[in-house]
Structure formats: structure tokens, C-alpha cells
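Subject: Structure handover

Hello,

Here is the structure I promised to pass on. Please open it next to this email and follow along.

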Amino acid sequence: MAGPTTARRGEKKPARSRPPASGKSGGSGGRGGGKKSAKPSGPKNGRFTLRGRFRLPPRRVLIITLAGATLLAGFGTWALYGSTWLRTEEVKATGTEILTGDEVVRAAAVPMDIPLASVDKRAIAERLRAKLPRIKSVEVSRSWPHTVSLKVTERQPELLIQTGGKFVEVDAEGIRFATVASAPKGVPLLEMAVRDSPSLKRFGPDRIRAAAATVVAALPKAVHQDVRTVQVRSYDSITLRLTNGRTVVWGSAERSTAKAKVLTAALKAARDARHFDVSVPTAPAVSGS
């Protein structure tokens with residue numbers, strides 16, 4: 001009979017195998033194997049969280065944020081319209097040549113001690129153009145915290161109409177904008193002789209006057225300063241009278257830029273000529289040398 005098994009000295013007992021711990025196996029087939037991905041947890045204290053990522057702001061933070069934004073907007077509105085910090089206290093005018101800054105400021109009639117934000121810029125510009133026809137355009141702007149700025153562009157005279165002992169200034173658009181006691185230097189006189197012309201009924205005096213102004217505005221400075229008179233007999237019959245008895249038949253105001261170039265070249269090429277015809281710019285004529 002075999003006796004009981006006894007451990008001998010020097011012999012090692014075989015290691016007992018341990019069962020694998022559940023959920024800790026590295027195998028892919030075991031239950032619970034691999035790393036778990038972050039998943040949204042359930043609600044905690046009324047807040048939804050995403051473990052390891054971010055937390056949505058609680059309702060209390062949203063309420064405080066909205067309340068702060070509302071207070072800030074209210075303060076901004078009060079500062080613009082209700083406080084004494086941003087109110088009109090001064091009006092400045094720039095860009096004037098014939099007009100003075102004081103004239104422009106008075107005509108603008110900007111209300112004082114009102115919120116600067118409520119200044120009606122369009123109304124000021126319209127008021128200035130109506131009261132001071134010499135103003136061609138004006139840029140109205142707010143200069144914080146207390147100033148309204150007026151940047152003026154004045155009309156420039158291209159022609160003069162003599163009436164009695166005074167002169168009416170006409171700009172490049174044919175607009176009569178001012179009456180002056182003495183003629184500005186270098187501005188030619190306009191002689192309108194269209195009373196019996198059929199073109200007067202067809203085009204009207206304003207359009208014919210604008211055509212004459214277009215001709216003068218197209219001239220280069222070297223030629224412009226020699227023009228003394230612009231004679232208009234009809235819409236298609238405009239003649240320039242220059243210094244030294246020279247005349248230029250221009251025709252209509254059409255193609256004035258091309259005619260001005262041809263005339264400039266002809267004046268240089270035929271310095272002794274007295275009569276120039278550029279009514280057809282592709283076929284100019286020069287005579288009277």
C-alpha cells in the first residue's frame with residue numbers, strides 16, 4: 001500500500017494556478033477586456049458632464065452672464081444718450097477757401113448740449129448746401145467725445161456771367177452758385193447768344209450753360225489761362241476767344257477731351273496762327289498765320 005505523500009526536504013511544491021481576475025484579462029475575447037471609452041455619465045445635481053472632457057455651464061452661470069450683458073448694454077445706452085459725458089459742445093469747419101469757418105458753423109446750426117450720438121448728420125449736410133450754394137459737398141462726422149466736424153468742398157468757378165456791375169460764378173456742372181462784386185482772376189466770361197436758336201427750346205438754358213462749362217473744364221491749364229470769352233450761339237456752336245485775338249471753333253461739347261488735346265498740339269505747332277477749328281477733332285484746321 002502506498003503511504004501518504006510527504007514533502008521531502010529540498011523539493012519545491014508546485015505552484016498553484018490562480019484563476020484569472022474578472023475584468024483584468026488582457027485578452028480581447030474576455031468579458032470586460034480592453035480600455036473603456038469615456039461615456040457621458042448620468043445627471044449629477046442637475047448637471048450633465050462628459051467625463052474627462054468638459055462641463056456645460058450651469059443655469060446659474062447663464063443667468064449671471066445674461067444679467068451682466070443686460071446691465072452693460074443699459075449702461076452704454078445711458079452713457080450715449082442720458083449722461084453729460086458725450087454731448088455736443090463744439091463745431092469745427094475745415095476745407096474752406098472763399099467761405100470762412102464761422103460762416104459754415106453758423107449755417108450748420110448744430111444743436112448744442114445734446115447727445116453727440118443723436119446728431120443728424122444728413123440734416124446738417126442738407127442745411128449747409130441749401131444755405132451756402134458755394135458748398136459742393138460736406139462730410140459731417142462725430143469727433144468723440146464732444147465735437148461735430150464739418151469737412152467742406154467748395155465749388156470752383158469755370159465761367160462768369162456778367163450782370164450789371166457784378167459777376168455770377170458758374171461751376172463745371174453749369175450751376176450758378178454765387179454772385180461776386182469783382183471777377184476772379186483767370187475765369188473766362190460766358191456770352192450766351194441763344195435767344196433765337198432752336199436749341200434753346202430743345203435743350204434749355206441750363207443744359208446749354210452746362211455744355212459751355214464742360215468745354216472750359218476740359219482744357220489743360222496752359223490753354224485755360226489764355227481763354228477770355230466763351231461764346232455760345234447754340235448747343236452745337238461754341239467758340240473760344242483767346243488772348244492775342246485768337247479764336248477756336250469748338251462746335252458742341254461732345255468729345256471735349258479729344259478736342260482739348262488736338263487744340264493743345266495745334267497751338268504749339270502753329271504759334272502764329274489766329275484761327276483754329278477743332279469741331280471735328282480727327283480733322284482740325286488752322287489758318288491766319
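First, the element names: helices (H or I, at least four residues) and strands (E, at least two) are DSSP runs, numbered from the N terminus. This is a predicted model, in which local features need pLDDT of at least 70 and side-chain atom pairs count only at pLDDT 80 or more, while totals for chains, interfaces and linings use all residues. Residues are numbered from 1 along each chain as its sequence is written, and side-chain values use heavy atoms, with hydrogens and water left out.

**Overview**

The chain has 289 residues, and 33% of them count as buried. Buried means under 20% relative accessible area, exposed means over 50%, and partly exposed is in between (1.4 Å probe, protein chains only). The secondary structure comes to 6 helices and 12 strands. Take the contacts in the chain with a separation of 6 or more: 45% of them are between residues 24 or more positions apart. A contact means heavy atoms within 4.5 Å.

**The sheet**

Look for an open sheet of 3 strands. Its order is E1-E3-E2, and the pairing is mixed. Two strands pair if DSSP finds at least two bridges between them. Strand E1 (90-94) and E2 are the edge strands, each pairing on one side only. From one strand to the next, the twist averages 20°.

E1 and E3 run parallel and are joined by 5 bridges. Ala-93 stands opposite Leu-150 in E3. Strands E2 (residues 135-143) and E3 (residues 147-154) run antiparallel, with 8 bridges between them. Here Glu-139 stands opposite Lys-151 in E3.

A hairpin of 3 residues joins E2 to E3. Pro-145 lies in that loop. The peptide bond from Trp-144 to Pro-145 is cis, with omega near 15°.

Helix H3 (residues 121-131) lies across E2 and E3 and runs at about 150° to E2. Axes here are lines fitted to C-alpha atoms, for helices over the stretch in contact, and angles run from 0 to 180 degrees between N-to-C directions.

H2 and H3 also pack on each other, at an angle of about 120° with their axes 8 Å apart. H2 and H3 are therefore oblique to each other. The classes are: under 35 degrees roughly parallel, over 145 roughly antiparallel, 65 to 115 roughly perpendicular, and the rest oblique. The crossing of H2 and H3 is right-handed. A crossing is right-handed if the near helix is turned clockwise from the far one by less than a right angle, and left-handed if anticlockwise.

H2 brings Val-104, Ala-107 and Ala-108 to the contact, and H3 brings Ile-124, Arg-127, Leu-128 and Lys-131. By class, that is 5 nonpolar, no polar and 2 charged residues. Ala, Val, Leu, Ile, Met, Phe, Trp, Tyr, Cys and Pro count as nonpolar, Asp, Glu, Lys and Arg as charged, and the others, Gly among them, as polar.

Check the loop between H2 and H3 too, where Asp-113 lies. Asp-113 is not a glycine, yet its phi is positive, at about 55°.

**H4 and H6**

Helix H4 (residues 198-218) and helix H6 (residues 256-269) pack at about 45°, with their axes 9 Å apart. That angle makes H4 oblique to H6. Their crossing is right-handed. Thr-214, Val-215 and Ala-218 of H4 meet Ser-256, Thr-257 and Ala-260 of H6. This contact has 3 nonpolar, 3 polar and no charged residues.

Ser-256 is found in H6. At 6% relative accessibility, Ser-256 counts as buried. Leaving out residues up to four places away in sequence, Ser-256 touches Thr-214, Val-215, Ala-218 and Trp-250. The C-alpha atoms of Ser-256 and Val-278 are separated by 9.5 Å, and these residues are 22 apart along the chain.

Arg-255 lies in the loop between strand E10 (247-251) and H6. Arg-255 is exposed, with a relative accessible area of 51%. Its phi is near 60°, a positive value in a residue other than glycine.

Best wishes
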